[in-house]
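Let's take a friendly walk through a protein model together. Keep the sequence and the 3D view side by side as you read.

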Amino acid sequence: MNHWSTHQLTEFFAAVCAPQEEHAAIMVAVERAAEVLETEIGAVLRDGRVEVAWGAGREQLETALGGEQRPAAMTVPGLGELHVSTARFNPGPGGALLVARAGDPLDPEERQLLQAMAQTLGLALTNISLLSAERSAREAREREAAERLTLLDSLREARHDSLTGLPTRVLFLEMLAERLAHHTPTSVLFIDLDRFKAVNDSLGHRAGDELLGLVAGRVRGCLRPTDTAARIGGDEFAVLLNDCEAEQAIPVAQRLIDAIKRSFPVAGQEVFIGASIGIAAGPGAAPGEILGNADVAMYRAKTEGPGKVVLFEAQMHAEALARLTLNGDLQRALALGEFRLQYQPLFGLGSGEPVGVEALVRWQNPERGYVSPADFVPMAEETGLISDLGRWVLNTAGRQAAAWRRTRPDLGINVNVSGRQLTDPQFASDVERMLTDTKLPPHAVTLELTESVLMSDPKTAIGCLRDLQDLGVDVSIDDFGTGYSSLSYLQRLPVDELKIDRAFISRQTPTTADLAVIRTIVELARTLRLRTVIEGIETEAQRNAMRLLGCDLGQGYHLCRPVHPEDLLPTLSPAGPDREAA
Amino acid sequence: MSTGMSHVSSSERWFGTGHSTLTDPAAAGAEAATAALAGRVPAIAFVFCSVGYHVPELFGALREQAGADTVIVGCTTSGQLGGGRVSRDSVVVTAWGGDGFTVRTTVARSAPGRLREAGAEAASSLAGLADEHRALLLIGDGLTGTTHEIVRGAFSVAGAAVPLIGGWSGDDLRYVRTYQFHGGRDGVEILSGAVIGIALGSDRPLGVGMAHGWHKTGDALVVTSSRDGHVLEFDGEPALDVFLRRLGVDESALDDPAGFRELAFHHPLGLSRRSGDDIRVIHDGDRVERSLICLADVPLGALAWLMAGDHESLLDSAGEAAGQAVEALGGAPALGVLVFDCAARWLKLGAAGVQEENVEIGKRLDGVPYGGFYTNGEIARFRGALGMHHFTLVTLALG
C-alpha cells in the first residue's frame, strides 16, 4: 500500500482549488497542510513576510523566524523547538508554504507532499489570477455598456421630463430659439403653481407627482397643437405660443389659470391649487433671456397674490435684484443686531386677564427701515438663516419673560418655531438650555408651530414634539384651519393648544357660517382636551362672539397691539392704554 | 456572548464524580452533586445528563452547594460515565476544586451558520489566562453541521500552544435537538445551538489522550463527489451502492432506519492520516441521492476505507486513551480524568460492552476518579493542527 501521504493530495487539491479569492485559497492551503502533515504551525511567506499564519500569531512567527526564509528549526513560546520545512510555489519570487512540527521532522515522503501542496497552491493562485483578470475585464465591459445605456437615458431625460412627458428646459429653449430664428412674434408664459408645496407636504410626494402629471395634461389641453408646453422644474411650467404677441397671450394665460383652479382628483381627494403666470415676448432677446424675463414677471405676479398674470417690464429686473440684496442684508442683520422683538398679549376671554405674550420678530434696517416679517421670514426659511434667527428669538424672549415674571409670575411666553427649527436635531437641547439659563418653568413656555409644518411629515413631527413634551413645554398649532390637517394625526400629535387662524373671523361681525366653523373647531379641541386661542380679534363684536363660543384665549388689535418690551408691563396694568379696549 | 470565571487558591486540590439514575431531575441532580462535591466548593462542576433531565430543577442542589465563583457547565448526552458506573438514563456530576485552578468560560450562541466564528468566540475565554498549564475545553451542540469548522475557529484563536479537548452534546442518538448548560450559583441557562468555551488553567500539568481501536478493511475508495457530510460517490459510483455491496446486503437494509444505522455503526469510514485514521460515522443513507450521510465532512478527493473494529481492540483503545492522558502528565500523579467517549462506540460495543469498557478505563486509571459522557463527536488537539474526531475516546487528565 502507498505511503499515507500520497492519499492526501487529491483531497488537498479539491479544497484549495474551490475558493475564488486568493486569500481564501491561501488560508485553506495553510490549514489543510498543517492538518494533513500534523504540524503545529502552517504559514505562507511572500516577499520575505509572513502573509498567513495558522497555529501561531503572524508577528509571533515573524519573530521566531528571525528574518530567515528557510530555517531548519525555530523556537516558538509554548511549543518549544519545531522542525521547519518549506516549499516554494509559483507564481512570484519568494512565495513559500511553510510548516513547523514538534517531535519528528518531515520524512522524505512528507516533504514531497509539501512540495506537491505548494505547487497545487501555486496552480490555484495562477487560476484565480487568470479568472479574476477575466472577471474584471467582463465587469469592465458590462460597466461600460451600462454607462452607455445610462448616458443615452440621461440624454433623453435631459430633453423630456419623465414625470409629465413634457419637454424640459433644454428642449424648450431649443424650440424657442428655432421660433425666434424665424423672426415671428413669440410669447413665453412662465407658470408657477400656487399652494403646490402644501399639497406635496400634506399628501406626500407621490400625490404631488400625480398632481403635476394632471396639471401638465390640463395645460396641454388649453393650447393649440402648434404651441408647446414644458416643465421647467419643480412646480414650474413654461408655454411657448407661436405667432402670438404679448398682449394676445394674456387671455391664454387667464384660460390656463382658470383650468388649473378647477379641482384635481389626487390620492382619492379633491385638491385645489392655483397658478401665477408671467409673460415675456420675443423676438429681440435671446431665448434664455426671454424665459428669464417671464420668470421675473411671474415672481412679480406671485407677490401680487395668487392667480395673477403679469406682463414683463424692464424695471422688474431691478426688483429681482432687490430680492437678492434683501438676502444679503438679512444675513448681516443678525450679526449686526438689527432684529428686535415685540410682544402681543393673549387674554383669557372669560376673565379678560392677560395670560401670556407672543414674541414677534421685527427687523429695522438702517437703509430699508421697517421690513415686514412676511417679506423676510420666508427668505430666512429658504436660506436656513431661520435656525440662527429662531434661536435668538427663543433666548431673547425667554430672558424677557423671566424678567417680567418677577412682577407678573403667571405670565407665559409664546414663541414661533419654523419647520426647519423643529427638525433641527439641536432644537430640543436649545430649548432645554434656554429653560436652564432663564430658570423659566417649562409650562410657562408655549412653542407655536404652523399646521403645514406639522402635517408635512407628521411622523417626524411627532418624534420631535415628544422630545419637547419631555421637557414640559407646551406646543400650539398656529394658524389652525388653513392647512390639510388629518384628524387622525391631530389626535396623535402631542400638542396642548390650537390657535385658530384669523381668516375665520375676517368679517367685523362674524356670520353664522363663520361661527359654525369656529364652534366645530372649539368642540374638536375640547374633545381632544386642547386649549383654544382665536387670533385676529379686531372688534368688540368678535370678542363677544368668541367668548360665547367658548374659546379660551384671544389675541388681536382690539385687545392689545404688539408692543415694545419696555411698554408691556404698563400696557398690562389695569390703567394701561390698551386695557380699556380689553 | 456570556462569560463566567472562577479562580480557586485556598484549599487542597480535589476531583469528584457523582452518578444518579433516579428519575426525578431534582432528586437525581441532588444525589449526583452531593456525591461529587462531598461538601467541597468546586471551581467547576460539569453536569452531563440524558435529554429527559434538562430542566432547571436538575441544578437546584448543585447551585445550593456551589460557591459564588463556581462555574457550572454541561450538556445533554447519549449516555454518561462517572462514579465508577456507566448508564444511559442518568445524571453525572464531575467537579474539581482547590489550589491553583483557574476557569473562565465564554458562550457563543446561535452557532449554526457561523461555525468558525462561534469556535473563535468560544476560544476567547482563553484571553488573559496566564496559568503555566492551559487547555481549552469545548462543549457544544452536536447538530450544528460541519463541527470541524468550530474546532478550526477555536484553533485560530488558541493556537498550537494550547491543547483543545471536548465533545459535542447528544440526545440519546435521536439527532433531533441537544442542549448545553452554562451558569453558576445564581442560575443555569439551558441553551441549544451554542458552543461553550471553557478555558482551564492549572499550576500543574494537564494531559490529553486519544485512541479509537479501528482498522482498515478492503480496498481504498476515492471520494469522487461529496457535499458537507453527504458522500455522493466512491470512484464515480453512487456511494450508497458501493457501501451496500461491500457489506453484502441489499436495498432492503434501508427499510429499517434503526437497523441500517446499527449496521453502519459497525463499518465507519476511515480517512487516511499521518498518525492513523480519522473516523467518520455513517448514520444514514439517502435512497434518492444514493448517498451516505455522515456526521462530519468527508472531503472531496479523500481516500477512505471501510473500517472494522473488533470488540477487543475497541476495549483496548479505552485503556490506551486513559493511559496516554496520565502519561502526558510527565510523572505527576493524576488528580482525576475527564472522558469524552463516542456514542457510536456504545452502539458498537453494546450495553454489556460499555460496562467492560468502563472496567478497562478504571483498571488503567487505578483508583483515579473519572467522569464524562458519550458524545456526538470528540475534540482532541495536542499535536498537529487537526482537532475533530469521531468514533474515538478522548481523555483529559488533571495533574
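In β22(B), B:Trp305 is the bridge partner of B:Gly270. This model is predicted, so to speak of local features pLDDT of at least 70 is needed, side-chain atom pairs count only at pLDDT 80 or more, and totals for chains, interfaces and linings use all residues. Residues are numbered from 1 along each chain as its sequence is written, while chains are lettered from A and ligands numbered from 1 in the order in which they are written.

Strand β22 (residues 303–308) of chain B runs antiparallel to β18(B), and three bridges join them. Helices (H or I, at least four residues) and strands (E, at least two) are DSSP runs, numbered from the N terminus; two strands pair if DSSP finds at least two bridges between them. Strand β18 (residues 269–273) of chain B is mostly covered, with four of its five residues buried. Buried here means 20 or more other C-beta atoms within 10 Å of the residue's own, exposed means 12 or fewer, and partly exposed is in between, with C-beta atoms placed from the backbone.

Now turn to chain A, where an open sheet of five strands has the order β7-β8-β6-β11-β12, with mixed pairing. At its edges stand β7 (228–233) and β12 (309–311) of chain A, each with a single partner strand, so one side of each has no neighbour in the sheet. Neighbouring strands of this sheet are turned by 20° against each other on average, direction ignored. Axes are lines fitted to C-alpha atoms, for helices over the stretch in contact, and angles run from 0 to 180 degrees between N-to-C directions.

Within this sheet, nine bridges join the antiparallel strands β6 (residues 186–194) and β11 (residues 274–282) of chain A. A:Ser187 stands opposite A:Ala281 in β11(A). Helix α5 (residues 169–181) of chain A packs on the sheet, touching β6, β7, β8 (236–241) and β11 of chain A, and its direction makes about 135° with that of β7(A). Helix α9 (residues 287–303) of chain A also packs on the sheet. The strands touched by α9(A) are β6, β8, β11 and β12 of chain A, and its direction makes about 145° with that of β11(A).

How do the chains meet? In all, 18 residues of chain B are in contact with 23 residues of chain A, where contact means that C-beta atoms, placed from the backbone, lie within 7 Å.

Terms used:
Two residues are in contact if their C-beta atoms, placed from the backbone, lie within 7 Å.
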